[in-house]
Amino acid sequence: MALQTIFLFSLILFASKAAAQLDFCVADLKSPATPTGYPCKNPATVTVDDFAFSSTLAVAGNTSNVFKAAVATAVVTQLPGLNGLGTAMGRVDIAVGGVIPMHTHPSGTELLLVLEGTINAGFISSANNVYSKILKKGDVFVNPRGLLHFAINAGQEPAVGIVSFSSHLPGLQPTDYALFGNNLPTQVVKATTFLDEAQIKKLKAAFGGTN
Ligand SMILES: *[C@@H]1O[C@H](CO)[C@@H](O)[C@H](O)[C@H]1NC(C)=O
């Protein structure tokens, strides 16, 4: 009986020790990211600061830019303890007349909670159906992973939203920069979008593109 008790006890001890080793995999940000995340930092060097990040999410972002909007995040590159846990968050500020332009997060679904103001949020499905709605304070909206989506201030006061993601690093690809913010030749943009050359040049100038 005593032997059985000792056996059971050591089994529980072993099981809890084994489980503890799987609790987290704090990102070793010095190593290159892999499709599933960063390699784990040596657990012996992990501290509470790997799980905390003094962010700017509690204060309004600077919206003095072409979009009249600001985005702040808490993702794995800022908060290494998020590595592999499938979550991250952010804050969006959209001034009156501002917009979070069309973009995708290739790796993560986004939940948007409106804290202040009125936001016209929407996404476009891969069947090219549009799902958009005017959101008020307290409304929550989901942008499914990988789909093009946008958010426009649809009111007369600054809008504030909190976003959460289903990825430690959801990624961000704004369509304007994909098309007009790089060295993709004007002729290629023209051939693939059917826009006229003058408009493409104008947008390349606005978004820092060349060629
Ligand atoms: C906001 O950004 C603009 C443009 O970068 C800058 O000129 C301005 O000083 C910033 N304002 C604050 C309060 O940081």
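Reader: How do β5 and β8 pair, and over how many bridges?

Author: β5 and β8 run antiparallel, with six bridges between them. Two strands count as paired if DSSP finds at least two bridges between them. Strands are DSSP runs of E, at least two residues long, and helices are runs of H or I, at least four; both are numbered from the N terminus.

Reader: What sort of model is this, and what pLDDT do local features need?

Author: This is a predicted model: local features need pLDDT of at least 70, side-chain atom pairs count only at pLDDT 80 or more, and totals for chains, interfaces and linings use all residues. Residues are numbered from 1 along each chain as its sequence is written, and side-chain values use heavy atoms, leaving out hydrogens and water.

Reader: Back to β8. Which residue there stands opposite Gly 122?

Author: Phe 150. Another residue of β8, Ala 151, is the bridge partner of Ile 100. That belongs to the antiparallel pairing of β3 (99–104) with β8 (148–153), over three bridges.

Reader: What is the strand order in that open sheet?

Author: β6-β5-β8-β3-β10, with antiparallel pairing. β6 (130–135) and β10 (173–174) are the edge strands, each pairing on one side only. β6 joins β5 (119–124) through six antiparallel bridges. Val 130 in β6 is the bridge partner of Ile 124.

Reader: And the sheet with β9, what order there?

Author: β1-β2-β9-β4-β7, five strands in an open antiparallel sheet. β1 (69–74) and β7 (140–143) have a single partner strand each, so one side of each has no neighbour in the sheet. On average, neighbouring strands are turned by 20° against each other, direction ignored.

Reader: How many bridges join β2 to β9?

Author: Seven, between antiparallel strands β2 (88–94) and β9 (159–165). Gly 161 in β9 is the bridge partner of Val 92.

Reader: Helices now. At what angle do α3 and α4 pack?

Author: About 120°, with the axes of α3 (186–193) and α4 (197–207) 10 Å apart. Axes are lines fitted to C-alpha atoms, for helices over the stretch in contact, and angles run from 0 to 180 degrees between N-to-C directions. That makes α3 oblique to α4. Under 35 degrees is roughly parallel, over 145 roughly antiparallel, 65 to 115 roughly perpendicular, and the rest oblique.

Reader: Which residues meet?

Author: Thr 186, Gln 187, Val 189 and Lys 190 in α3 meet Glu 197, Ile 200, Lys 201 and Lys 204 in α4. Contact means heavy atoms within 4.5 Å.

Reader: How many aromatic pairs does the whole structure have?

Author: Six. One of them, Phe 67 with Phe 207, is stacked, at 6.0 Å centre to centre and 20° between the planes. Rings of Phe, Tyr and Trp (its six-membered ring) pair if their centres lie within 6.5 Å; planes under 30 degrees apart are stacked, over 60 edge-to-face, the rest tilted.

Reader: Where do Phe 67 and Phe 207 lie?

Author: Phe 67 is in the loop between α1 (2–20) and β1, and Phe 207 is in α4, so the pair ties together parts 140 residues apart in sequence.
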